[in-house]
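Student: I would like to learn how to read a model like this one. Can we start with the whole chain and then take one residue?

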Amino acid sequence: MAGNATNINVVTIWATNGWATNGPTYDWGVLYNAALIRQTNSGAFRSGANGSLINRSSGIYEFLGDGGDLAAACMNYGLIRKSSGTGTSTISGVFTNYGGTIEVDSGQLILSSSDYLQGSGALNIRLGGLNTGEFGQFNVSNNVSLSGPLNVNLAQGYVPALNSQFQILSCGSLSGIFSSTNVPSGFSVAYTSTGVCLVVTATLSSPAGPFAGGNMITITAGTLGDGSDITNVTVGGVSAPIMGQGTNWVTIMVPATGSAGVKDIVIQSASIGDTTFFGAYTVNPIGQIVGVNPSSVGYFGGYSVVITGTNLG
């Protein structure tokens, strides 16, 4: 294939054996992806010396399954995603990231021949289990520079155990940190010189609650005290009444923090000191009633009334 072209629909690259093992080759010119390119099985998409792929901001390059190789020179402004498979998919061509997003839902996406400069693009990871392939991993052979957001979500029904660890990024060397970390409640983000690891440091019986507070939650983590010496717990800097405690748990009544959003929880004990869980709890915005139907009823009651609004639960 040669010449400039733009994909505005869906292109599927499928190759498993014979000549097709090498997959299609874009010899000359630029292939602009403005929609969706799906790569299945173990084929490779290649470019010649004068060919390249530009994944536009609206473009998605998706690895379905394992074994695929994006071997073409690629400039990424959009999304490159490994959406399935518990094995590996590879980007072996010259790769330049221009604020594009990388997403790994399962298995390993390997960047084997280029540095990864995150820019303003996100790194999206899904966690579905502790075994290899059950959670997304982005493995970069060379250097990584972080500067954009990290977004982590859990597969439906998956609840990781306390102290579970997930190596979500590995690289030759690491610089920078994520601009924001949107991770499930109770997770902490640990940086090393060669990667990033997620650790489940605490579990909350409920990770979010009403603006006014007054709800009870139980925080379970590693050793928090000796079973009776937790003296103070704060949510967003506001002290919470302690309703019960043990060596690795404490139950509190959540106070009114005065503002909505993500809050740190700090547990203070005589034996351990301060234990901080960053961004562990979310205070929902204040509720608003926008409609009552019917607006009036008879004196004796017994009628159904529908109240509508926002953040009522």
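Tutor: Of the 313 residues of the protein chain, 43% count as buried. Buried means under 20% relative accessible area, exposed over 50%, partly exposed in between (1.4 Å probe, protein chains only). This is a predicted model: local features need pLDDT of at least 70, side-chain atom pairs count only at pLDDT 80 or more, and totals for chains, interfaces and linings use all residues. Residues are numbered from 1 along each chain as its sequence is written, and side-chain values use heavy atoms, with hydrogens and water left out.

Student: How many helices and strands does the protein chain have?

Tutor: Helices (H or I, at least four residues) and strands (E, at least two) are DSSP runs, numbered from the N terminus. Here there are zero helices and 34 strands.

Student: What box do the C-alpha atoms fill?

Tutor: Roughly 75 × 60 × 30 Å, along the principal axes.

Student: Now the residue. Where is aspartate 69?

Tutor: Aspartate 69 lies in strand 7 (residues 69-70).

Student: Which residues does aspartate 69 touch?

Tutor: Contact means heavy atoms within 4.5 Å. Leaving out residues up to four places away in sequence, aspartate 69 touches Gln39, Gly43, Ala44, Phe45, Phe63, Thr90, Ile91 and Ser92.

Student: What is the nearest side chain of opposite charge to aspartate 69?

Tutor: A salt bridge is a side-chain nitrogen of Lys or Arg within 4 Å of a carboxyl oxygen of Asp or Glu. Lys and Arg count as positive and Asp and Glu as negative; His and the chain ends are not counted. For aspartate 69 the nearest is arginine 46, 4.9 Å away. Aspartate 69 is buried yet has no salt bridge.
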